[in-house]
There are 2 protein chains.
Amino acid sequence: MKYLHTMVRVTDLDASLRFYRDALGLEVTRQHNVPAGRFTLVYLAAQGQPEAEIELTHNWDPEPYTGGRSFGHVAYAVDDIYAACERLSAHGVVINRPPRDGRMAFVRSPDGISVELLQSGRALAPAEPWTSMPNVGTW
Amino acid sequence: MKYLHTMVRVTDLDASLRFYRDALGLEVTRQHNVPAGRFTLVYLAAQGQPEAEIELTHNWDPEPYTGGRSFGHVAYAVDDIYAACERLSAHGVVINRPPRDGRMAFVRSPDGISVELLQSGRALAPAEPWTSMPNVGTW
């Protein structure tokens with residue numbers, strides 16, 4: 001038995017790639033356009049870890065996507081949580097739970113999927129502007 | 001950057017362990033009881049792949065868990081999709097999408113989380129009782 005992927009549905013594929021690829025830093029591993037089914041699948045993974053993918057399903061015919069409490073989040077470890085949050089901020093992503101503790105942050109995808117970032121190894125020393133940054137919304 | 005886990009919330013931890021551990025075949029990698037926060041975390045992973053976990057969050061104070069369309073499913077490859085579905089059935093799990101094609105099946109956790117099973121490598125030859133088993137509900 002082997003873990004393959006977590007699938008989330010996305011409303012806007014371009015906006016989602018800006019979030020998951022450009023802002024979060026995952027790499028696109030493969031993409032399938034399926035005109036017969038009117039959907040596109042894009043798979044992304046952390047560099048050097050292609051076997052643990054996130055699958056973005058983009059249905060060409062719009063449908064409303066709502067979240068739910070049963071699904072929580074997808075979590076990634078990062079080498080520098082401040083650099084990761086800076087890149088997310090630079091892409092216009094709200095840092096819902098800033099890494100005030102140098103250890104943990106939460107953001108949301110354009111469709112509201114909660115993504116947890118955890119500092120690899122030991123927490124970084126607390127640093128501004130994160131230390132005094134308040135929480136925004138829920139995650 | 002490294003994938004860590006997908007988190008889902010569970011209403012009944014025992015029922016969830018029967019599903020994820022006993023019926024699906026994942027192994028518990030670690031468990032944290034946090035009385036101060038009134039929650040329990042249980043992490044499971046496929047054997048030999050402890051770095052790709054699913055995290056079950058059980059809040060001791062009940063709250064309603066609903067699904068949502070934005071989250072899709074968690075997917076695992078299995079060595080024998082018929083054996084996997086037989087074990088799930090033996091544990092009372094409905095096979096929502098039976099592996100009629102010897103390749104793919106979907107089931108749901110007690111909280112409605114969709115789990116996809118994919119046959120590793122080539123599809124198995126179509127076989128009863130799966131070939132003539134209808135879909136049940138959605139997944």
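# Loops, sheet and chain contact

R38(A) sits in the loop that links strand 2 to strand 3 of chain A; helices (H or I, at least four residues) and strands (E, at least two) are DSSP runs, numbered from the N terminus. The model is a predicted one, in which local features need pLDDT of at least 70 and side-chain atom pairs count only at pLDDT 80 or more, while totals for chains, interfaces and linings use all residues. Residues are numbered from 1 along each chain as its sequence is written, and chains are lettered from A and ligands numbered from 1 in the order in which they are written.

## Backbone torsions

Although R38(A) is not a glycine, its phi is positive. With 11 C-beta neighbours inside 10 Å, R38(A) counts as exposed (12 or fewer other C-beta atoms within 10 Å; buried means 20 or more and partly exposed in between, with C-beta atoms placed from the backbone). In chain B, R38(B) occupies the loop between strand 2 (27-34) and strand 3 (39-45). R38(B) also has a positive phi without being a glycine, and it is exposed, with 11 other C-beta atoms within 10 Å. Most residues other than glycine have a negative phi, and most peptide bonds are trans.

Cis peptide bonds join E128(A) to P129(A) and E128(B) to P129(B). P129(A) belongs to the segment after strand 7 (114-119) of chain A, and P129(B) to the segment after strand 7 of chain B.

| Residue or bond | Torsion |
|---|---|
| R38(B) | phi near 55° |
| G92(B) | phi near 85° |
| E128(A) to P129(A) | omega about 5° |
| E128(B) to P129(B) | omega about 5° |

## Chain A

Chain A has 2 helices and 7 strands. Their sequence order is β-α-β-β-β-β-α-β-β. Chain A has a radius of gyration of 16 Å, close to the 14 Å of the globule rule for 139 residues, so it is as compact as a globular protein of that length; the radius is taken over C-alpha atoms, and the rule is 2.2 Å times the number of residues to the power 0.38. The C-alpha trace of chain A spans about 50 × 30 × 30 Å along its principal axes. Buried residues make up 37% of the 139 residues of chain A. Among contacts in chain A with a separation of 6 or more, 54% are between residues 24 or more positions apart (contact: C-beta atoms, placed from the backbone, within 7 Å).

Helix 1 (residues 13-23) of chain A lies across strand 2, strand 3 (39-45) and strand 4 of that chain, and runs at about 165° to strand 4. Axes are lines fitted to C-alpha atoms, for helices over the stretch in contact, and angles run from 0 to 180 degrees between N-to-C directions.

## The sheet across both chains

Seven strands form an open sheet with mixed pairing, in the order 2(A)-3(A)-4(A)-1(A)-5(B)-7(B)-6(B). Strand 2 (27-34) of chain A and strand 6 (104-108) of chain B are at the edges with a single partner strand each, so one side of each lacks a neighbour in the sheet. On average, neighbouring strands of this sheet are turned by 25° against each other, direction ignored. Strands pair if DSSP finds at least two bridges between them.

Strand 1 of chain A is joined in parallel to strand 4 (residues 53-59) of chain A by 5 bridges, with E53(A) as the bridge partner of H5(A) in strand 4. Across the chain boundary, strand 1 (residues 2-9) of chain A pairs with strand 5 of chain B in the antiparallel sense over 6 bridges. Here H5(A) stands opposite A75(B), and T6(A) opposite V74(B).

Within chain B, strand 5 runs parallel to strand 7 (residues 114-119), and 5 bridges join the two. A75(B) stands opposite E116(B) of strand 7. In strand 5 (residues 71-78) of chain B, 7 of the 8 residues are buried, so this strand is largely enclosed by the rest of the structure.

## Contact between the chains

The contact involves 34 residues of chain A and 34 residues of chain B. On the chain B side that touches chain A, strand 1 (2-9) and strand 5 of chain B each supply at least two residues. That side of chain B consists of 16 nonpolar, 13 polar and 5 charged residues. Ala, Val, Leu, Ile, Met, Phe, Trp, Tyr, Cys and Pro count as nonpolar, Asp, Glu, Lys and Arg as charged, and the others, Gly among them, as polar.

## Helix 2 of chain B

The buried residues in helix 2 (residues 81-90) of chain B are I81(B), A84(B), C85(B) and L88(B). These residues cover an arc of only 95° around the axis, which puts them on the same side of helix 2 of chain B; the arc is that of the directions from the helix axis to the C-beta atoms. The buried residues of this helix pack against helix 1 (13-23), strand 5, strand 6 and strand 7 of chain B. Exposed A83(B) and A90(B) are on the face of helix 2 turned away from its buried side. G92(B), with a positive phi, follows helix 2 of chain B.

Conventions. Contact = placed C-beta atoms within 7 Å.
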